[in-house]
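I opened my notebook to look up a few things in one chain. My entries follow the structure.

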Amino acid sequence: MSIAPGTKLGQYEVQDFIGQGAMGLVYRAYHVQLERTGAVKVLQAIAPDPDATARFRHEAQAIAQMRHPNILNVYDFGEFDGTPYMIVEYIAGGSLANRLNQGPIDHASALKFLRGIAAGLDYAHAKGIVHRDVKPANVLLEPDDTPVLADFGLAKLLQGSSLKSMTGVTTGTPAYMAPEQVTGSRVGPASDRYSLATIAYEMLTGVIPFDGEGLMELLYAQVHREPAPPSSRIRSLGPRVDSVIMRGLAKDPAQRWESCAAFVDALSAALARKTEPAVGRTLVMAPVAAPRPAMADATRVMTPTFVDEPEAGEPITLAYPSPPPPAPAKRSHKRRWALAALAILIVLLVVGFAGYLVTRPKPVLSLSSTTVRAGDTVVVTASNLPPDQDGDVQLLSFVHSVRFHSDSGGNATVYLEVPVETPPGNHTVRVCWASTCHGSTTLHVLEPFVLPTPSGSGSPSPISSPTPSPTSTTPASPLPRSLALSAGRVARGGTMDVKGFHFSPVRTVALTLAQGTTNKLAWYASIGSDGTFLTSFTLPSTVGIGEATVRACDPTACASATFTVV
């Protein structure tokens, strides 16, 4: 649903269209009496039914009660033609995601951003409100770089916190989701702290903890794998930073930091200690006269006085009174070594920065099968794309392309049908956007499969004898792939079983649930040696009423079946 300029939403008048986010359309609006500009979020991802509307009002009222400099103000909310909308503060400075895309962020700026985000989250948690979708794209920046959290609590409006409620928009972005969000367990403040630690990891290293993973692999990793420590990517960060970040990314919510502010304070201290000079505590030794004056010049009794209390386990450096001055030659020698060390450090920093630019994640393409026949369909998965990017997946030598739109995590999946006229041999599959092509991979194409044709009389062609043998037969045509659904009508939130027949044995089949041109859910299943598979899914509660399609594709062909959502 689009809204024309001039439309009145409460006391606000819509001016122009700004863009499209994960949950719907965004417009600029103006309040004439207050002379105030706001942003209108038309939440199309929320189904217009009585339960969803009531839930929206409850959450919107809670969000609107918050007043904090690091949380986006909610001015108004309501419904337009049955679709909920929310009017929020308009901030034109871009987002933290845009800033990260521009290049590395220095530690001081990273800590400033993290402190602001942490302050907003801790404030909301104290009021019993959880964000559920903390990510750089939801952190807006004021002109002075003050971070402001947007879309606070909107993920909860999608009814649920597990993958079973995915409807093209997850209740959390996979790259930043806590393990308990992936598994559908209880989501609380600790989930937001996990997301904050993920952002910190990305700002300090330039990549997310599980970079280069496909969607399913990423979700599995969030629950079952430990990420590489930050110092394994940027060695200069060191073990202190590793300890702070890895505690923030603990799988068990109870093991994470007790608050967002505590996490940022610990990270700030770890980064500061990382750059401290290696000096110990100093003891000033006050001389006391010896009991025998005649021996005073030869012997002194040293009485220690602590300038600062030493920490347990730290070295203590003794500063003796009246040390002999170092020889001039040694001073010069130390100065030369210091200058050489400084020069080496500068070179290492330059090389490290250049290496970071070179090793930044590049777009990655993967194919469900690297060898197919002309006329078959191959599933192409792309990762490390710009978030919410439109582009094309192209097949060369001749250009055959399929449009894609990446999700907020920079991932996209398309079904590329290899034209039957594609010549045999190796062909390039590449991903392109903004008039530039990036990642590529190779697809080997075989001759199309051709069924034997019967003779003009309609009887089987002879095999070896001029006289047809009674046992001669035409090779049987391969049976078409087909799907069987456990029901023709399913209510939202219900479970559907899908069984496939005549698929490629011992391979993987990719399944999607779609309505119209929009994919609502995607998952994989294993095909048995008999060419069959059985899988199930839970119908998202916010899917629209009407016809829906289940599509299953193995490396060579696809099959689909439809049912009705009631």
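Which span should the 17 residues of helix α5 (residues 189-205) have at 1.5 Å a residue? I worked with a predicted model, where local features need pLDDT of at least 70, side-chain atom pairs count only at pLDDT 80 or more, and totals for chains, interfaces and linings use all residues. Residues are numbered from 1 along each chain as its sequence is written, and side-chain values use heavy atoms, with hydrogens and water left out.

**Entry on α5.** I found that α5 should span 24 Å, and that its end C-alpha atoms are 25 Å apart, which agrees. The expected span is 1.5 Å times one less than the number of residues. Helices (H or I, at least four residues) and strands (E, at least two) are DSSP runs, numbered from the N terminus. I noted that 16 of the 17 residues of α5 are buried, where buried means under 20% relative accessible area (1.4 Å probe, protein chains only). After α5 comes G206, with a positive phi near 90°.

**Entry on T7.** I located T7 in the segment before β1 (8-9). T7 counts as buried because its relative accessibility is 16%. Its side chain reaches the backbone oxygen of A4 at 2.7 Å. Leaving aside residues up to four places away in sequence, I saw that T7 touches Y12, E13, V14 and F80; a contact means heavy atoms within 4.5 Å.

**Entry on the chain.** I counted 10 helices and 27 strands. Of the 566 residues, 43% count as buried.

Conventions:
Buried < 20%, exposed > 50% of the residue type's maximum accessible area, 1.4 Å probe, protein only. Polar contact = N/O pair within 3.5 Å; in protein donor to acceptor, adjacent residues only side chain to side chain.
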